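Visitor: I would like to learn how to read a model like this one. Please take me through it feature by feature.

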Amino acid sequence: MNEESRILGSQAKTEKKPEKDYSKYFEHVYQPPSLKDAKKRGKEAVNYHHDFTIEEKYQGLGKGRKYYIRTYGCQMNEHDTEVMAGIFEALDYTATNDVNDADVILLNTCAIRENAENKVFGEIGNLKHLKLEKPDVLIGVCGCMSQEESVVNKILKSYQNVDMIFGTHNIHRLPAILEEAYLSKAMVVEVWSKEGDVIENLPKSRLGETKAWVNIMYGCDKFCTYCIVPFTRGKERSRMPEEIIQEVRDLARRGYKEICLLGQNVNAYGKDLGIHYGLGDLMADIQKIDIPRVRFTTSHPWDFDDRLIEVLAEGGNIVPHIHLPVQSGNNDVLKIMGRKYTRESYLELVAKIREQMPDVALTTDIIVGYPNETEAQFLDTMDLYEQVGFEHAYTYIYSPREGTPAAKMKDNVPMRDKKDRLQRLNKIVEKYSEKTLQNYLGQEVIVLCEGPSKKNDEILAGYTDKNKLVNFRAPKEAIGQFVKVRVTETMRYSMNGELIAILDQVGVSH
């Protein structure tokens, strides 16, 4: 902090100025999330921009400077980080893994759970000492948290070491935001509360050369009562099919072995385009591209149609794994969650999928301790889990998010009950995961080797087409390749094996 800022801060404390109106920092007067207002989303056309370029005045902005991005949250955030890294490198910045060595530090944030937000505020606080040591370093907060008015207010009031705040809709504005941050003594805040456009031709610095994320749509219109995403990511807007197919073809040419199609509600893809072309049609076109594995996430049971099942059942390069969040196994809880389906319709969908894909691996998400959830309702979730026989699940204790309808509900499930339910559910998850993996013992599986395991650099690791983690010893040239591995040991959530062969090319194993 410079002397001028210190004096201004001192004056602010003594003068007790009236509360500041932070709405001016938004493109128009920003209101906290409102389900009623948000559901009135207009039919205004989404603008498609195909001409993203780095303007001449920004070129070389990062020469001699280094950038560091810390990413929190989902795959969408990881992919946003790849785009921002691509923009940084187009500006001549160099990446660094050392936050102390960086000239620009970005925290790409997640707003899904309160714990995620607390981690970010903790990290902003940790960076205060760095700002004191290096006053010229730029610190920015972007991502979903930046779309929340309460978060922006808190940063503006309490974290003067932050130089930039920008949201999820205006990542393509990063060059201009950086330039303004260098020139301005005040915090640069650019958050768009309007719906985002679709920006094509954005540079990307991929996190690896083996697997790649491909955004096919943005936003969500489902408005589950616990979820902040429809507010932080905006309404559903799909990329045009030809843009997606071109990106996948380019990744195939560059030697990528696996892609994952991304969207907050991926199987609502195409509904806003008005061309009768959905996720099933897109997957059918991508089946024709010479890329070994194709996945997608995350899907909503409401939008999982027969056309999609038909295409997935054809296999080819589409992996036999579907992540299908159920959240609860009780109809009353599903209703107050706003999930738009019932226990019965979910089970019918599972039966329909399994009829055409008998060997499919199903995984899910579950929230326990939702407001008003009774023990009997929780037991319905346990029962549904066993009835479906999911191979794995991501389980969570309900976390209220300010601005969502659920946050206004009385959170009347004691924390001890929430923790007890989570523990009991996790035992079922472990049981079915262990049982599934035991079936692989002694079997040969095809694994896409991603690199060293998290716990031991001497051991390599990768995933099967059904998303099962396998650890094995192999030479470093196996990294980025498909390998054949014999499973020698199974644990709760992973397997160990011995290398049989490194393969040149392979599709999905069956």
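Visitor: How many helices and strands are there in the protein?

Guide: There are 15 helices and 21 strands. Helices (H or I, at least four residues) and strands (E, at least two) are DSSP runs, numbered from the N terminus. This is a predicted model, where local features need pLDDT of at least 70 and side-chain atom pairs count only at pLDDT 80 or more, while totals for chains, interfaces and linings use all residues. Residues are numbered from 1 along each chain as its sequence is written, and side-chain values use heavy atoms, with hydrogens and water left out.

Visitor: What percentage of the residues in the protein is buried?

Guide: Buried means under 20% relative accessible area, exposed over 50%, and partly exposed in between (1.4 Å probe, protein chains only). Of the 510 residues here, 55% are buried. A contact means heavy atoms within 4.5 Å. Take the contacts between residues at least 6 apart in sequence: 76% of them join residues at least 24 apart.

Visitor: Which residues touch the most other members of the largest nonpolar core?

Guide: In soluble globular proteins, nonpolar side chains tend to be buried together. A nonpolar core is a set of buried Ala, Val, Leu, Ile, Met, Phe, Trp, Tyr and Cys residues joined through side-chain atoms within 4.5 Å. The largest one here has 59 residues, and I259, L261, L279, L282, M283 and F304 touch the most other members. Another core, of 32 residues, lies apart from it, with L130, M145, V152 and I228 among them.

Visitor: What is L279 in contact with?

Guide: Leave aside neighbours within four places in sequence. L279 then contacts I216, L261, V266, N267, Y269, F296 and L308.

Visitor: Which residues of helix α11 are buried?

Guide: Helix α11 covers residues 306-313, and L308, I309, V311 and L312 are buried in it. Look down the axis: the buried residues fall within an arc of 165°, so they line one face of the helix. That arc is taken over the directions from the helix axis to the C-beta atoms. The buried residues of α11 pack against α10 (279-287), β13 (293-297), β14 (321-323) and α13 (343-356). Just after α11, G315 has a positive phi of about 70°.

Visitor: Which residues lie on each side of β12?

Guide: In a regular strand the side chains alternate between the two faces of the sheet. In β12, E258, C260 and L262 are on one side, I259 and L261 are on the other, and all are buried. Strand β12 spans residues 258-262, so check each in turn: five of its five residues are buried.

Visitor: Which strand does β12 join by five parallel bridges?

Guide: Two strands pair if DSSP finds at least two bridges between them. Five bridges join β12 to β13, and the two run parallel. There L262 has T297 of β13 as its bridge partner. Strand β9 (residues 211-215) is also joined to β12 by five bridges and runs parallel to it. In that pairing, A212 stands opposite I259.

Visitor: In what order do the five strands close into a barrel?

Guide: The order is β17-β18-β19-β21-β20, and the pairing is mixed. Neighbouring strands of this sheet are turned by 50° against each other on average, direction ignored. Axes are lines fitted to C-alpha atoms, for helices over the stretch in contact, and angles run from 0 to 180 degrees between N-to-C directions.

Visitor: How many bridges join β18 to β19?

Guide: Four bridges join β18 (residues 460-463) to β19 (residues 469-473), and these strands run antiparallel. L460 has F472 as its bridge partner, and A461 stands opposite N471. Their hairpin has five residues between the strands, and N467 takes a positive phi near 70° there. On to β21 (residues 494-503): five bridges join it to β19, and those two run parallel. F472 stands opposite G497 in β21.
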